[in-house]
Amino acid sequence: MIEIKDLTFGYGRQKLFDHLDLSLERGNIYGLLGKNGAGKTTLLKLICGLRYAQTGSIRVLGHDAAFRPVHMLDEIISVPEELFIPPLLPRVYLSLYAPFYPRFSHDEFRTCMTELELEQDKKLSSLSYGQKKKFALAFALASGCRVLLLDEPTNGLDIPSKGQLRRLLARASRDDRVILVSTHQVRDMENLIDPIIVLDQGRIIFNQPMAEVTKRLSVRLEPTEPQGDSILYADRTIGGWVSVRRNTGTEETGIDLETLFNTVIANPGKLSEIFGASRTTEPTEVHNG
Amino acid sequence: MDERNGFEAVFSPRRLFLLLKRDFVHGYRGVLVAMAAVGGVLLLISLLSMLGRPGGDFYTPFYVGLLALGGLISTSSVFREAHQAASGPFYLTLPGTLLEKLVSKLLVSSIGFAAATLLFMAGISALSELINRAVFGAGHLWFNPVAVENLHRAAIYLVFQSIYLLGSIWFRKVAFLKTVLAQSIIGMAVVIVMMVIFRLVLGSLFTRGGMNLDLGRMFSGNFSQFSLNGQNSAVLTHGAQVFGTIFRVCFWALLAPFCWVAAYFRLRETEV
């Protein structure tokens, strides 16, 4: 559905992506993780044609994203971190913007509004940031678009709303749809985003489904600090040390996203070996300046 | 993809209508406030002017001012939303083609603004003259929106407006002032080039050592200072007519389409 090939992009002389390749398939809710400045938001902008690749290509549903063709735009919707919500009533907003999306579902929108506990008769400009975010998410989920790009969707949401959003996203996942969630709040997206993509220093250093992760990595809680070359990552926690090793047995252990992310960042080379080069992009040279 | 779908991917009247409706709903409050403010000031000035010498063409200067300042300033801000951090991504990813987005902004700021200004001036002048006649028993001439001179002024506005539409998409910030500056610099450059061409092509016609560059005289429209002989005067007059024709064609037929095409490609290149 989304095919990025040999993408090079940078701001000024500073290169952000250098020959980056990524393929996103329908039916998945991808989690895009990365440190600050890794280029997550920029990658989302490139996918919806708001930034242009210096070299390489980005194709969304077969369309060249850089041309922003209308039949791509009515299939792709983005909820950015910095929202644009005009001072309108929800029904007026709906009457203005829903007709742009051919498969917009008013029933779905009402359901989302109810589940996210949003009032229909309050001017959007008077809502809090979290409420505006929920409104934008409700609209995006009801749009019927086949590509949903969500940048930090849980930022500003209260604790119940995070759970409600997870439920709505799980329900919105369809065979013909791809959802890409860029987030730092990995705990909020636990058990929802899968596969996991990790972006670091302008390259994809990890791109694996969670089933593969639990099959190949083993997580243990140990009373003392684990030692040895087999340790991929270790971190002190309440009651001991969490350690991550290569799973050599058949037993599968769960791994939380924060631990997985830290393991990937700490040991991209070893992770690449463990998972093989078939899905994890091999590290490539990044030229800065 | 059949032919209809192919055309629909470039231009759809339905999407154009949606974009126009959106612009109207977002902008009508601001327009109403501006109209109320300008209308109030006009009524007041009209009343005060009755204390002096009433009569004559009172409203035309205001109409010209409204077109030149109000129209060009508002045109300079039509694409502001495309440049801003929050509204830019929203606008640029709104399902509509570049052509539809350009045409919607063009219609609102050109024909839409000119027609609204004509109607507004007609309405305000009618109201103002009713008050003047009721209070003072006399008044100014009514502003006629379909008078040829007023329609001609609106047509001139439509051409100049295209420059400011281009400025609006070209410049991210302070588009109006930057467009005025750019227009002045380009205007001066064109005049200098024209003078050089004029000198090269027609200089030999002058009998006393060629043309002087006294700008005051150059623009006086009176060629007698060049001491032409009678034979060459006809050639020069013909040359001036040719230049005039070229200028008119460039202004009325080429300037606006050039700006629209440039604005289209600039919108195509806009990143946020």
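Author: Two strands pair if DSSP finds at least two bridges between them, where strands (E, at least two residues) and helices (H or I, at least four residues) are DSSP runs numbered from the N terminus. This is a predicted model, in which local features need pLDDT of at least 70 and side-chain atom pairs count only at pLDDT 80 or more, while totals for chains, interfaces and linings use all residues. Residues are numbered from 1 along each chain as its sequence is written, and chains are lettered from A and ligands numbered from 1 in the order in which they are written.

Reader: Which residue in E5(A) stands opposite A:Val60?

Author: Strand E4 of chain A, residues 55-60, pairs with E5(A) in the antiparallel sense over 2 bridges. Across this pairing, the residue of E5(A) that stands opposite A:Val60 is A:His63.

Reader: Which strands of chain A stand at the edges of the sheet?

Author: The sheet is open, has 4 strands in the order E2-E1-E4-E5 (chain A), and pairs in the antiparallel sense. A strand at the edge has a single partner strand, so one side of it is left without a neighbour in the sheet, and this holds for strand E2 (14-24) and strand E5 (63-64) of chain A.

Reader: How many residues of domain 1 of chain A that touch domain 2 of chain A are charged?

Author: The contact (C-beta atoms, placed from the backbone, within 7 Å) takes 6 residues from domain 1 of chain A and 6 residues from domain 2 of chain A. Classes are nonpolar (Ala, Val, Leu, Ile, Met, Phe, Trp, Tyr, Cys and Pro), charged (Asp, Glu, Lys and Arg) and polar (the others, Gly among them). On the side of domain 1 of chain A that touches domain 2 of chain A, 3 residues are nonpolar, none is polar, and the number that are charged is 3.

Reader: Is A:Met189 buried or exposed?

Author: A:Met189 lies in the loop between E8 and E9 of chain A, and, leaving aside residues up to four places away in sequence, it touches A:Gly31, A:Val181, A:Thr183 and A:Leu257. A residue is buried if 20 or more other C-beta atoms, placed from the backbone, lie within 10 Å of its own, exposed if 12 or fewer do, and partly exposed in between. With 24 C-beta neighbours inside 10 Å, A:Met189 counts as buried.

Reader: Where in chain B does B:Val174 lie?

Author: B:Val174 has a positive phi of about 45° although it is not a glycine, and it is exposed, with 11 other C-beta atoms within 10 Å. Its place is in the loop between helix H7 (148-170) and helix H8 (175-202) of chain B.

Reader: How many Å does helix H2 of chain B span between its end C-alpha atoms?

Author: The expected span of a helix is 1.5 Å times one less than its number of residues, and for a straight helix of 37 residues it would be 54 Å. The bend at a residue is the angle between axes fitted to the seven residues ending there and the seven starting there, and H2(B) has a kink of about 50° centred on B:Gly27. Between its end C-alpha atoms, helix H2 (residues 13-49) of chain B spans only 47 Å.

Reader: Against which helices do the buried residues of H2(B) pack?

Author: The buried residues of H2(B) are B:Arg15, B:Leu18, B:Leu19, B:Arg22, B:Leu42 and B:Ser46. They pack against helix H3 (90-97) of chain A together with, in chain B, helix H3 (60-76) and helix H6 (98-136).

Reader: Which element gives the most to the side of chain B that touches chain A?

Author: Chain B has 10 helices and 0 strands, and the contact takes 19 of its residues and 21 residues from chain A. The elements that give two or more residues to the side of chain B that touches chain A are H2 and helix H5 (87-92) of chain B. With 5 residues, the element that gives the most to that side is H2(B).

Technical notes. Two residues are in contact if their C-beta atoms, placed from the backbone, lie within 7 Å.
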